[in-house]
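User: Hi, I have a structure open and would like to go through it slowly. Could you walk me through it?

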Amino acid sequence: MTATTILPKTADTKLDPKSQPPVENTAEIQPESEPQKVISLEDFLVKPADRKEWVDGNLVEKTGITFKHGLAQVNLATCWKNYKDSSAQGGEVVTEVRCRTSKQGRRPDVAYITPELLQQAGNFTALSQSFPLIAEVASPEDSGEELFAKAQEYLASGCLEVWLLFPEARLVFVNAGKNWLLFDSDEIVNTQRVLPGFSVAVSELLA
C-alpha cells in the first residue's frame, strides 16, 4: 500500500527545510502526583489496612507470602485452637489481628489471647498491647534480623512468649522472655509459659 501525503494549498514543497519555521518543543505537562497520605498510629489501629503494619510512621505491606508460609500459619493456628479447646483453657486464637507494641502497630501471623485478657479487652479492633502468645512465620523476603527484633519488640510490650517459624529451613525458635530455644525438624516444639502442655512435632507443623 502506498501512503499518500496531502499538503495544504499554502504549503510550498520547494522550500528548503532549513527555511521552515522551527517547531517549538513544549514539555509534556505531567499531572501532579497525589501527595502520600500520612496516617497516625491511632488511625491505623482503628481503620483496616489489609496486610499492612505501621512501622516508624509508614504503612509497610507484609509481602512474600508463599504456599509454605500460608500452610505453616494455618497449621499452627489450628493446632493452638484445637489444644486450647481440648484442654479447656479458653481464650481465642486469631490470625493477623492488629496489636500495639511500645513502638509500632503490628499484625502477627498467629496469636493467642488468654480468657482473662480477652475479658478485659472486650470486642477490640486492635489490642492495646502485644498478645500473650505470638508466632511470626518467615517468608523468603523476610530478614532474620528484623524478625528477631520484632520478637523482642513483642516481648517488651506484654507478650509472654514468641515463636518464629522458618518453613524453608524447617526450624522453630521460641523465646519466653529469656533465651532463644531452637527446635529442628526431628524435634518436638512445646510452649514455655502460655498454653501450658501444648506440643507438636516440627515436621508436622512445617510439613
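Analyst: Here is a walk through the chain as a whole, then its sheet, its helices and its salt bridges.

User: Okay, what should I know before we start?

Analyst: This is a predicted model, in which local features need pLDDT of at least 70 and side-chain atom pairs count only at pLDDT 80 or more, while totals for chains, interfaces and linings use all residues. Residues are numbered from 1 along each chain as its sequence is written, and side-chain values use heavy atoms, with hydrogens and water left out.

User: How many helices and strands are there in the protein chain?

Analyst: The protein chain has five helices and twelve strands; both are DSSP runs numbered from the N terminus, with helices being H or I over at least four residues and strands being E over at least two.

User: And what share of the residues is buried?

Analyst: Of the 207 residues in the protein chain, 39% are buried, where buried means under 20% relative accessible area, exposed means over 50%, and partly exposed is in between, using a 1.4 Å probe and protein chains only. The accessible surface of the protein chain comes to about 12900 Å², and 52% of it belongs to carbon and sulfur atoms; such areas come from the Shrake-Rupley method with a 1.4 Å probe, and for residues only the protein chains shown count as cover.

User: Let's go to the sheet. What is the order of its strands?

Analyst: Six strands form an open sheet in the order 3-6-7-8-9-10, with mixed pairing, and two strands count as paired if DSSP finds at least two bridges between them. The edge strands, each pairing on one side only, are strand 3 (92–94) and strand 10 (180–183). From one strand to the next, the twist averages 15°.

User: What holds paired strands together, in general?

Analyst: Strands of a sheet pair through backbone hydrogen bonds, either parallel or antiparallel.

User: So which sense do we get around strand 7?

Analyst: Strand 6 and strand 7 pair in the antiparallel sense over three bridges, and Val 110 has Ala 135 in strand 7 as its bridge partner. Strand 7 and strand 8, on the other hand, pair in the parallel sense over five bridges, with Leu 133 having Glu 161 in strand 8 as its bridge partner. The chain crosses from strand 7 through helix 4 to strand 8, and this β-α-β crossover is right-handed, a word used if, with the strands pointing away from the viewer, the path from the first strand over the helix to the second runs clockwise.

User: Is strand 7 buried or exposed?

Analyst: Five of the five residues of strand 7 are buried, so strand 7 is largely enclosed by the rest of the structure. Leu 133, Ala 135 and Val 137 point one way from the strand, Ile 134 and Glu 136 point the other way, and all are buried.

User: Which strands does helix 2 touch?

Analyst: Helix 2 (residues 67–86) packs on the sheet and touches strand 3, strand 6 (110–113), strand 7 (133–137) and strand 8 (161–166), and its direction makes about 160° with that of strand 7. Contact here means heavy atoms within 4.5 Å, and angles run from 0 to 180 degrees between N-to-C directions, with axes being lines fitted to C-alpha atoms, for helices over the stretch in contact. Helix 4 (residues 144–155) lies across strand 7, strand 8, strand 9 and strand 10, and runs at about 165° to strand 8.

User: New topic: how many salt bridges are there?

Analyst: A search of the whole structure finds six salt bridges, each being a side-chain nitrogen of Lys or Arg within 4 Å of a carboxyl oxygen of Asp or Glu. One of them joins Glu 168 to Lys 68, with the closest N and O atoms 3.6 Å apart. This pair links distant parts of the chain, 100 residues apart, with Glu 168 in the loop between strand 8 and strand 9 and Lys 68 in helix 2. Glu 168 is exposed, with a relative accessible area of 53%, whereas Lys 68 is partly exposed at 38%.

User: Which residues are linked in a network of salt bridges?

Analyst: Lys 81, Lys 84, Asp 85 and Glu 92 are linked in such a network. Lys 81 meets Asp 85 with the closest N and O atoms 3.1 Å apart, and the two are separated by about one helical turn because they are four residues apart in helix 2. Glu 92 and Lys 84 meet through their side chains at 3.7 Å, N to O; Glu 92 is partly exposed, with a relative accessible area of 36%, while Lys 84 is buried, with 6%.
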